[in-house]
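Subject: Handing over the structure

Hi,

Here is the structure I promised to pass on to you. My notes on what turned up in it follow below.

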Amino acid sequence: MTTITGPLATRRLILQGAASVALIGLGNLPFAAQPARAAANDKYPEEAFKQKSEADAIKALYGKTAEPSDKVKLDAPEIAENGGVVPIAVTTTLDKVTSISFFVAENPNALAASYKIPDGTVPSVSNRLKMAKTTNVVAIVEADGKLYSATKEVKVTVGGCGG
Amino acid sequence: MASTIRVRATSNGDITEVQALIQHPMDSGFVKDSKGELIPAHFIQELKFEYNGKDVFVADWGPAVSKDPYVKFSFKGAKKGDDLKISWVDNKGASDTTTAKIS
Amino acid sequence: MKARSAILFGSALAALVVGALASTHVTAADKVDPAADIKAFQNFFFQKFPNVKHEDFANGPYSMNEDMKRQWQEKEEFPPYEFALDAGKEMFATPFKNGKTYADCFPDGGIGIRQNYPYFDEKEGKVVTLELALNRCREANGEAPYSYVKDEMASLTAYMAYTSRGKLMDIKIPDDPRALAAFENGKRYFYTRRGQMNFSCASCHVQSPGERIRAEVLAPALGILNAMPIYRSEWSSMGTTSRRFVTCNSQTRAVPLEPQSDEYRDVEYFLSYVANGLPISGPGARP
Amino acid sequence: MKRSLSLALLLAVIFALPPARAATEADYKAAYAAAEAASKEATGLRNQWTTTVATLAAAKKAADGGDFDRAIAAAKEAEALAKASIFQATSEKEAWKTMEIR
């Protein structure tokens with residue numbers, strides 16, 4: 001699973017960016033794919049899951065950057081009882097939410113999970129994630145085409161004594 | 001074999017809360033086994049919840065989702081007794097699907 | 001740590017001297033008195049943690065730390081041991097090749113009886129744990145015994161524990177010198193330091209419950225087996241009491257004994273008896 | 001200054017040299033046997049340490065590789081560990097009572 005880095009990757013990102021802009025521009029042309037409100041398209045975001053840092057992963061997934069917002073409530077423990085099973089949840093009062101994603105900054109690949117939130121689904125998700133070490137958990141909410149984020153550090157260490 | 005998907009869908013008023021626990025190793029591909037060899041990546045990539053033929057929730061998962069993964073969400077517009085279809089596909093092409101009654 | 005172990009060492013020498021003097025005639029202290037032990041044991045924890053509800057001691061580390069308790073309650077909504085529980089239920093009902101099932105080996109068909117295990121078998125003169133009884137049932141019906149530390153045994157004991165959830169631990173010690181000896185042997189094992197780390201079970205679970213050993217919060221010894229078997233995130237699988245004893249030993253760098261050896265069965269007997277009156281909370285989810 | 005430096009160096013080398021002859025397999029076998037005996041006694045007392053077992057194995061491995069210096073050092077360490085676990089077992093026969101909740 002080598003990540004394509006360097007010029008080739010950036011060229012692809014630009015292309016991807018251009019493609020999604022074009023789609024928005026086309027507005028309500030009857031298009032096979034639902035007119036993308038810049039929501040992650042239906043295909044499995046392979047590229048985003050390959051990115052190392054959460055900044056690159058966010059860009060690969062949404063093609064834009066997020067701004068912190070206190071309307072995004074991220075619920076995660078102070079100290080994870082076990083790095084393999086960390087209960088993390090997010091809820092938001094923002095409306096027209098189309099996507100929610102979770103990033104664990106210093107995991108081998110930052111993007112952990114991404115959820116599509118169709119109309120009529122409450123913008124709130126709980127899940128259990130793995131965390132390689134003490135690091136920031138970032139929740140991203142895409143609402144009405146814009147990205148909002150919340151961040152919290154979760155401490156993770158090994159358990160037990162001598163071994 | 002019993003389904004790998006355990007679902008609890010409970011509706012009160014217009015909101016149906018859905019909890020799912022799925023039996024899957026979710027191997028990340030970074031862990032070594034007792035003989036020191038890397039256990040190949042084997043994890044659920046997509047988990048879909050459909051109601052009346054329409055997706056109400058779609059999860060794109062990576063290897064950082066815990067073993068025997070769990071997810072909870074809620075959606076509007078369903079009522080007691082309706083069916084909720086759940087299906088997953090992993091990176092090896094394996095899949096499972098089940099239908100749960102909203103209680 | 002240095003000063004404390006010096007004091008301990010000093011007091012050990014003093015105890016030796018006192019012990020030698022008193023050994024000429026058996027004083028009350030040396031007579032095995034389980035009834036007094038359970039009172040002292042429970043009062044120690046009730047006074048050390050006055051605001052922990054008594055039944056909460058059966059929830060191990062979660063009775064000691066709020067942040068951990070919240071993570072645990074979130075997991076309990078849809079616990080990771082669901083699959084082991086279902087598998088155990090199915091196995092429990094699946095007949096052996098000879099048509100019999102586990103229900104034929106156990107009183108009340110094996111349902112809601114976990115709180116009486118381990119018990120002292122007066123015919124054999126030794127402690128019989130739930131895990132030993134299950135394997136004996138298998139062998140008596142021509143089936144191969146399960147490993148004491150692997151999933152099948154954990155699933156079976158998980159189901160049997162589940163059928164006893166909420167019932168109070170109810171271990172009996174018959175007035176039989178061999179039973180009293182087994183209880184004392186279990187108590188001695190519990191307090192004996194071992195391994196290069198020179199820890200006894202008590203070093204962690206009596207002297208410092210609620211404190212952290214690296215990331216893990218230590219459970220109090222009172223009620224520590226009430227949640228067995230446990231699904232540990234660290235193992236990401238179910239674990240029996242045997243597996244817990246073996247892993248605890250190796251963490252103090254002591255070579256573990258055979259699962260279900262006398263010492264393990266006796267320490268389980270001791271720990272279960274002193275938890276009498278506290279609810280069965282198994283199967284449990286733990287870090 | 002230079003002369004005393006080389007003198008110091010010379011002395012250091014002499015001391016650094018192993019005893020008159022390189023450790024032989026016989027020395028290793030003796031050290032290993034002593035360690036193994038102590039280790040067996042610890043197992044007999046049902047109080048063996050994991051580090052004793054690991055160090056004993058390391059001694060054997062070093063010896064198989066022909067490095068008898070390291071093998072002897074490891075065997076001696078294993079013996080010390082085994083003896084410590086024996087002392088622990090015997091002293092704890094009574095010492096456990098000091099921790100008992102009464």
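**Strand 7 of chain A**

Strand 4 (residues 97-104) of chain A pairs with strand 7 of chain A in the antiparallel sense, over seven bridges. Within that pairing, S99(A) stands opposite E142(A) of strand 7. Before going further, please keep in mind that this is a predicted model.

Strand 7 of chain A also pairs with strand 8 (residues 146-154) of chain A, again antiparallel, over nine bridges. There, N136(A) is set opposite E153(A) in strand 8 of chain A. The hairpin made by strand 7 and strand 8 of chain A has two residues between the strands, and D144(A) takes a positive phi near 50° in it.

Is strand 7 of chain A enclosed or open? Strand 7 of chain A spans residues 135-143, and seven of its nine residues are buried, so it is largely enclosed by the rest of the structure.

**Chain B**

Chain B has zero helices and seven strands, so if you read along it from the N terminus, the elements run β-β-β-β-β-β-β. Along the principal axes, the C-alpha atoms of chain B fill a box of roughly 55 × 20 × 20 Å. Chain B has 103 residues, of which 39% count as buried. Looking at contacts in chain B with a separation of 6 or more, 51% are between residues 24 or more positions apart.

**Where chain B touches chain A**

How many residues of chain B are in contact with chain A? The contact involves 26 residues of chain B and 26 residues of chain A. On the chain B side, strand 3 (44-51), strand 4 (54-61) and strand 5 (70-76) each supply at least two residues. By class, the residues of chain B that touch chain A divide into 14 nonpolar, six polar and six charged.

Strand pairing also links these two chains: strand 5 (residues 111-116) of chain A and strand 4 of chain B pair in the antiparallel sense over four bridges. One of the residue pairs to look up is K116(A), whose bridge partner in strand 4 of chain B is V58(B).

**Where chain C touches chain A**

This contact takes 17 residues from chain C and 15 residues from chain A. Helix 3 (residues 66-77) gives the most to the chain C side, with five residues. The side of chain C that touches chain A has five nonpolar, five polar and seven charged residues.

As general background, nonpolar side chains tend to be buried together in soluble globular proteins. In this model, the largest nonpolar core has 71 residues, and A84(C), L222(C), F270(C) and L271(C) are those with the most contacts inside it. Helix 6 (residues 151-162) of chain C contributes the largest share of this core, seven residues. Another core, of 64 residues, lies apart from it, and includes Y62(A), V104(A), V71(B) and F75(B).

Which residues does A84(C) touch, leaving aside those up to four places away in sequence? The list is D151(C), A154(C), S155(C), A158(C), Y231(C), M238(C) and P283(C).

**The annotated part of chain C**

UniProt, in an unreviewed entry, lists residues 181-287 of chain C as "domain: Cytochrome c". Over residues 181-287, chain C is 36% helix and 12% strand, and the end C-alpha atoms are 34 Å apart.

An unreviewed UniProt entry also lists R244(C) as "binding site". R244(C) lies in helix 9 (residues 241-251) of chain C.

Strand 5 (residues 230-232) and strand 6 of chain C run antiparallel and are joined by three bridges, with I230(C) opposite G239(C) in strand 6.

Best wishes

How values were computed:
Residues numbered from 1 in each chain as written. Chains lettered and ligands numbered in written order. Predicted model: local features only at pLDDT ≥ 70, side-chain atom pairs only at ≥ 80, totals over all residues. UniProt positions renumbered as here; feature names shortened; annotations may be inferred. Core = buried A, V, L, I, M, F, W, Y, C linked by C-beta atoms within 7 Å. Buried ≥ 20, exposed ≤ 12 C-beta atoms within 10 Å, placed from the backbone. Contact = placed C-beta atoms within 7 Å. Nonpolar A, V, L, I, M, F, W, Y, C, P; charged D, E, K, R; others polar. Pairing = 2+ DSSP bridges.
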